[in-house]
Each structure stands twice: as C-alpha cells, then as structure tokens.
Amino acid sequence: MTVRTTCPYCGVGCGLVVTPDGKGGAAIAGDPEHPANRGRICSKGAALGETLGLEDRLLYPEIDGQRVSWETALDTVASGFREIIARHGPDAVAFYVSGQLLTEDYYVANKLIKGFLGTANIDTNSRLCMASSVAGHKRAFGSDTVPGCYEDFEQADLVVLVGSNLAWCHPVLFQRLEAAKRARPDLKIVVIDPRRTETCGIADLHLALKPGSDVTLFNGLLASLQRRSVVATDFVERHTSGLEAALAAAQASDLADCDLPAADVATFFDWFARTERAVTLYSQGVNQSSAGVDKVNALINCHLLTGRIGRPGMGPFSITGQPNAMGGREVGALSNTLAAHMDFAPADVDRVRRFWNAPRIATKPGLKAVELFDAVGRGEIKAVWIMATNPVASLPNADAVRAALQNCEYAIVSEAIRASDTVDACRIRLPALAWAEKDGTVTNSERGISRQRPFLPAPGAARQDWWILSEVARRLGHGDAFAWTDVAGIFREHEALSAFENNGTRDFEIAIDGSSYDAMAPSTWGQERFFADGGFFHADRRARFVATVPRAPAHAPSLSRPLRLNTGRVRDQWHTMTRTGKSVRLAGHRPEPTVELHPRDAKRRGIADGAIVAVESAWGRGVLRAHLSDAVRPGEAFAPMHWTAQVSRAGAINAAVNPVVDPVSGQPELKHTPVEIRALDLKWHGTILARRALMLPQIAYWTRVKGAGCYAYLVAGEQPLAQARKALAASVRTSNPGPWLESEGLESEGLEGEAGLGAVIADGRLEAVMVTGTSRDDAVRDRLAPFMAIDRLGVAERTALLRGGDAEDRGGEMCACFGISCHDIESAIAEGAASLDAIGEMTRAGTNCGSCRPEIRLLLRARRVRKAA
Ligand code: SF4
C-alpha cells in the first residue's frame, strides 16, 4: 500500500509516494502527480526512509527528567499557565512554534494563545526565515501575497536569484530551472550573492556584491530603468503610488558601494531592461538582514515600475525555507499578525473575536522571536512553550537563549526528538508525533496546499500537537472551542475563517472541495497569479513603491574582528540535524562543521586547509574546521548553521551570531557578524569509530558523524597526546566494553610517527577503534569503516586493522544516492568523461535525485580550466 504525502524539509513542498515496509521503514519516491516536483526529489527527500527509526525519539512525557503520565504533564502545563496569567497577566506567557508544524497544529496554537489566553506572544521560527518578505509584501501590496508560481521560473527569459543558493537549499526548483535552461539556452540566469555558490554553475552572470549592498544594487536598477524609459506607465499610474520618493532614494544611491565590476552591473541592468519576462527569486540572503525589508521592497519596486508582476514568467518571488512557513503565515502564527492574513486593526480583532467566540482576544502584536527570548531571559515571560523547533541552536546569540530557558519557571517543549539542545534546556517535555505519523496539511512557497498523511503508527505515548494543545485548552476551561476530533474539523474551521466576512477584501481565502479532506489533491489558494491588473490590498487598491535608503549591516567589521561571518546551509543537512543527522548517506557530503575562508585571509592568520579554528565574535564562539576556498570573498567567512551540542563540541555557530534584527520585520541579521578567526594550537588529532555513542572527555574539538552500524568521532585536542589517548581510550571502553588491543607506529600511509591505534574486539567483532596521532589524517575514517561491517574479523582482517587499514581514501562523498565519492568522479573525469551525462553513465552519480550535479559540474569546469592553462 502506498501513501501520498509531502516532504517535511524545504519550502518547495515536494509530493512523495511512500511505501511502508511493514517493519517501521519505508521506500520513498517523488510523486509524479504532484505539481511542485512531478516525480523529482532531492538527496534529503530521497534519504527520508533512513530517518524513521525510533532511536533518539522522545516517547513519553517528562518533568524534570522523570517520566510522567499525560494527565500529570497536561495538568502541570495548564496549571502553570493559569497561575502565571493570574499572577502576572497574559503577556507573561508565550509560545514559540515552527514551520515544521502542520497548518492544523499551527491553527490551534494560534487560536489558543491569541483568542483564549489573551496575548499575541506567539512567534514562529519562520521569523528567522522570511519575516522580511512578509513585511515587504505587506508594505508593497497591502497583504502578504506571493504573486506568482513555480511555473514562472520556467516561463521566464530572465531569472534573477538574489541571496539564494537554490542548488542546495531548494534543489528540486533548481532542477526545474536547470531543465528549463537546457531546453532554452537563451534563458538568462543571474546570481546575486557574495558567495560563488553551486547555483552559479548554471548562471550566465554572477554578481558577487559586497554583503548588505542589495538595496543599492536594486536602487541602481530602478534608476536605470527609469532613465531608459522601461516604465509601464499605464500600470504605474493606475495601480501604484509613491514612485517619486522611491526614485529619489534610488537616484541618490551610489553603485560603487556594491563593489562590483561596472561592466557586470551594466550587463545585468541591460538584461533586466530588455527582458519582459523576468522573475526575481529571493531567499534568506535577502531576508536575514537588518535591512531585509528594504531589500525586499527595493526589488519589488523594479517589478512595479515595469509592471512585471502577476503575468506568466514574471514577478518577484520569495522562496521560503521551511515546509510550512506559508501555513504559519496563513494562520497568523507570527506575533505581529492575528489570523487568516488579518492583523490588529480593531475591525479585524472584532471579526476574529466573533468568529472564535473568543473571551479574551489579543488586541496588539506580541513579541518577535529575538525579543521574546530576551523577555524570557529577563524573567518577564515566565512560561514559554516551544513546539517543533530548536531555538537553543537556531536563534542568534544562542547561548543566551539556553541560559534563558534554563532559568525560566515553566520551560515547556513539545518535540519528537529527545536529543536536542532545546529539549535539554526545558523542564517539561511533551512527546509529539514526527513526520511519518502526522496528519494534516502544509502550504508551499507557491501557495500550494498539500496533504501530509501518516503512514506509521504513533510510537510510545507521542501525540500530535493539536491534540496536546486542545487538552491544555480543555483544562483551562475552553473545551467547547477546542473540541475537534480530527484534523479535518480544524482545517474546515481555518477555511471558514479565511472566508468569514472576506468579500474580496483579503487575499487569503481557501475554498477546497468539501467532499473529502482525506483525498484532498494539492491545490493553490487564491488566483493562479495576483496583481496583473492591480487589485492590491491597500485600502485604495494601489501598490506602494517604497523609498529604500541603503543601510550598512548593523555591526561593521573592526580591527579586532575584521571578518564578516555569513551563515547558511549545506546540501544534505536540514536545520539542526535532528532528522537528517540520522542518515548515513547524508552524513558523507559535509561531515563536519566547517568555516569557509578565503586563502588570502587564511594565509595572513597561518591557517591551513583543514585546521581547527575558533570563530569568535562579541557574542560567543564556535570551533570549526577551516575550509579554504575562493568561493567566498576576501574578508568574509561562511559557516553552516546545522551543527549543535548533540553532535559537536562547539559547532553551533549561532552562539557567535549577533542578535541584531530588522527594525520592521524583527528578522535577525544571520548573514553578517563581525568575527576574528584563529587557529587553535592542537597537539593531536584522531578518529574513533564506535558502535555505541561516547561520553567524551574535555577536548578542544569533536564532532560525531553517523556511520553504517557505528558513530564516527573526529577529534582533536590541546593536551599532550599520551594524556589524551588515555582519556579517550577510557571513554571508548566505558560504552564499548571488551578486550582492548593496541598498536603503535602504524604502517599505513599518513599514519607514521606517533600515530597509534587502539581497538575493542569482542567475540571477534570490532566494537570500537581509535586512531590518534600528532598529525591529521582525513582518510582514517574511510580506511577503518570497512572493518565495522565485518561480523567476525579473520586473522588477516585483524592484522590489517591493527596496521591502520588499507581501504582507499574516498576524498569525501559526492553522490548521496549511490555513495559515489569525489575521487570516483575525479577518476571518471581523468578517464575522459567530459559531461554530466558521461559521468552519470560511468559512475551513476547524478542520475537519481540530481542534487550532486552542481558540484560535478564545478569539478568538470575546474578540469577544463586546468587543461586550458
Ligand atoms: Fe524535500 Fe528536496 Fe523537495 Fe525540498 S527539494 S521539498 S528537501 S525533496
């Protein structure tokens, strides 16, 4: 039996066909009938079957580390909220929710806190992702409306990608764009990003602008369009206002601030001016900025001026990070919105109050994510309920968030996963269902609503979030308003609210065929495209040009912290790795927390490629492995945000990220923190493979990587090698008991000198193995991993193990689907494979999900450049 559902990762919202194996696992394939992906899938989606295991799951309610019944847990939460509201008022409580919640869960959370607890202190982690787009849309259109759809990228003649590494962050949309470019090579693609990302592989032009200078660039474009008379005069006159002020701000901007070659800027402006079908797709590189909203409006201004909006192949398009960020926006789970795309205007408040029959409706916006946790830290918020998100790892200045939660009277978390930094910091832990068990809907970036259907039974005592919330509501005396028996009832109420006294005054109105919620096919709410003929949602039905005056990032680099730290994602991990971290095949591509650094900056600091470095800011520090690359501009550094305290010593980079926010949207400036980076003085390096997880001693660096049947630990330290070896061996043997064998002076290449190996072999099976030495050897994991797959080591195998192993160094993983390494690809290229197709034929790499194709293309290009030289 197969089940049609939706991928739980990014905002593309791919449909999946899942075939459970009856043993708790499932085969996953792209749904050929889903309009978002038409059968396509990426490496993360394809590996979902490896993430379904129950290890690391939170299965029973806990209070202060003790398992309790649901009755006790729910009574404790309800009485905590009741007492605190009675003592301190409703603004002393808060919810922090997530784009991982389904719309139905989101709806219930929002209704409870805003309609019945009397505060709007509910914010979602989407605040970190696209709050600037929401605010930019509302300023320009009078509503949070995404005007276009995915097909526009394929129908455009020019696609401008701003602050978006589409190849890694929204891979299926990238595949669609790549296919469109193959079919129509005249389709021009421009990437605007300080980094030369994998997305640049299909770009005709890459503008590596100075971080934070996007407003200047789009102001320059606006002024240039006006100078060249590329103006949709009729559209502007009939449907917009504010052009004069926007043009004045644009004309005052100095393009030299972008630090770009003038010829490249001229080419971009020229292409944009000459191409009617132009889409500007933007993402976190625009949004995660203290000027994020202005960036959004600066680019929307260009589409309003040219009237390129709401027609096939044109328009501004915000691509969201999370699977249901849009669902959160729809129900109103951002603290500055109320519900169903209504805000806190008195008429809206009154309408929603009547619809909900709410006794105590919030009448003003609540706190946004960063200020909400600041208020927890100051003790003003005394009860916070976190659902399906990990703020201790994902918010900026993250260590302060941990401290705030640890000191909070009622820190409550609803979570599917036990092993998370936030779960560790919360006293009350409520077990929630995970993706495979949850029932409801999600909305993707093109306003497409899809069903997420369960295909595994609920494990342990875990329950879906809407049930948990409704039970607390019932205990607080609001049972009648929270009396649903299934998700269909919640969806129908949400749908009814969207239509309630709407009469075309609000963009958000869903009208899905009422016959069967269960069988609901994916569909898009609203018009196919908005605004081709005006009809904006400001009271005068006109769009607004916004005068955007360029502002530099809030904190400028200084003498002591001269580098600009940018943060983001890698191809095969998702958020804080609680799900993707369970997959062996996803672990191979980028196994460690890294910081990318330009070789010139590294040389100045004596940092070699692969060195362990401390990244230090005024707020905190991370310890990461340096990766030297000219894909980042000199003076800049890039670190992925996925690693947490669960899988690394200090890989959680958000500890170092500044908490400055955009003054309008409240979105944090995650893309720009002044830092200094210095190499640590390490005396030794090592690799440990162990069947059972370790409690490591205090060492400067460690990271844990999921391996086949084991965990791999990459370790390094500042203490003398002999001392470290002793402490590590004790740690290995504590959790992996058995006879301990040692071998010194290893013979394998790279392990000479003081390298030594220790292993636990019990009943002929390798339980754990550890190699430590004074020099670093990246290939140890590849050499030792084959021994963990052997049930019983023979004499020859044991001898080979004690020599340090002799399997080939793979040089890192490239293709997650088929386990093809970098070295495999390089060998294929050396043997004459000169195209993606040829490499696919020779190795199979890139022939399934296609997520590795951008990197293979870069290897091919590098080879061509070397040959030409
Ligand atoms: Fe999931 Fe990948 Fe599709 Fe995103 S692109 S929804 S991660 S399969």
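Colleague: Which residues in H3 meet H21, and which in H21 meet H3?

Modeller: Contact means heavy atoms within 4.5 Å. In this predicted model, Thr103, Glu104, Tyr107, Val108 and Lys111 of H3 meet Val487, Ile490, Phe491, Glu493, His494 and Leu497 of H21. This contact divides into six nonpolar, two polar and three charged residues; Ala, Val, Leu, Ile, Met, Phe, Trp, Tyr, Cys and Pro count as nonpolar, Asp, Glu, Lys and Arg as charged, and the others, Gly among them, as polar. Helices (H or I, at least four residues) and strands (E, at least two) are DSSP runs numbered from the N terminus.

Colleague: At what angle do the axes of H3 and H21 cross?

Modeller: Axes are lines fitted to C-alpha atoms, for helices over the stretch in contact, and angles run from 0 to 180 degrees between N-to-C directions. The axes of H3 and H21 come within 9 Å and cross at roughly 65 degrees. The two helices are therefore roughly perpendicular, a term for 65 to 115 degrees, whereas under 35 is roughly parallel, over 145 roughly antiparallel and the rest oblique. Their crossing is left-handed: the near helix is turned anticlockwise from the far one by less than a right angle; clockwise would be right-handed.

Colleague: How do H3 and H20 cross?

Modeller: The axes of H3 (residues 103–117) and H20 (residues 465–475) come within 8 Å, crossing at roughly 20 degrees. That makes H3 roughly parallel to H20. This crossing is left-handed. From H3, Glu104, Asp105, Val108, Ala109 and Leu112 meet Asp465, Trp466, Leu469, Ser470 and Ala473 of H20. By class, six of these residues are nonpolar, one is polar and three are charged.

Colleague: Is alanine 340 buried or exposed?

Modeller: Buried means under 20% relative accessible area, exposed over 50%, partly exposed in between (1.4 Å probe, protein chains only). Alanine 340 has 1% relative accessibility, so it counts as buried. Although not a glycine, alanine 340 has a positive phi of about 50 degrees, and it sits in the loop between H14 (325–331) and H15 (346–356).

Colleague: Where is glutamate 501 found?

Modeller: Glutamate 501 lies in the loop between H21 (487–499) and strand S19 (523–524). Its phi is positive too, about 50 degrees, and at 32% relative accessibility it counts as partly exposed.

Colleague: What conventions apply?

Modeller: Residues are numbered from 1 along each chain as its sequence is written. Local features need pLDDT of at least 70 and side-chain atom pairs 80 or more, while totals for chains, interfaces and linings use all residues, and side-chain values use heavy atoms, without hydrogens and water.
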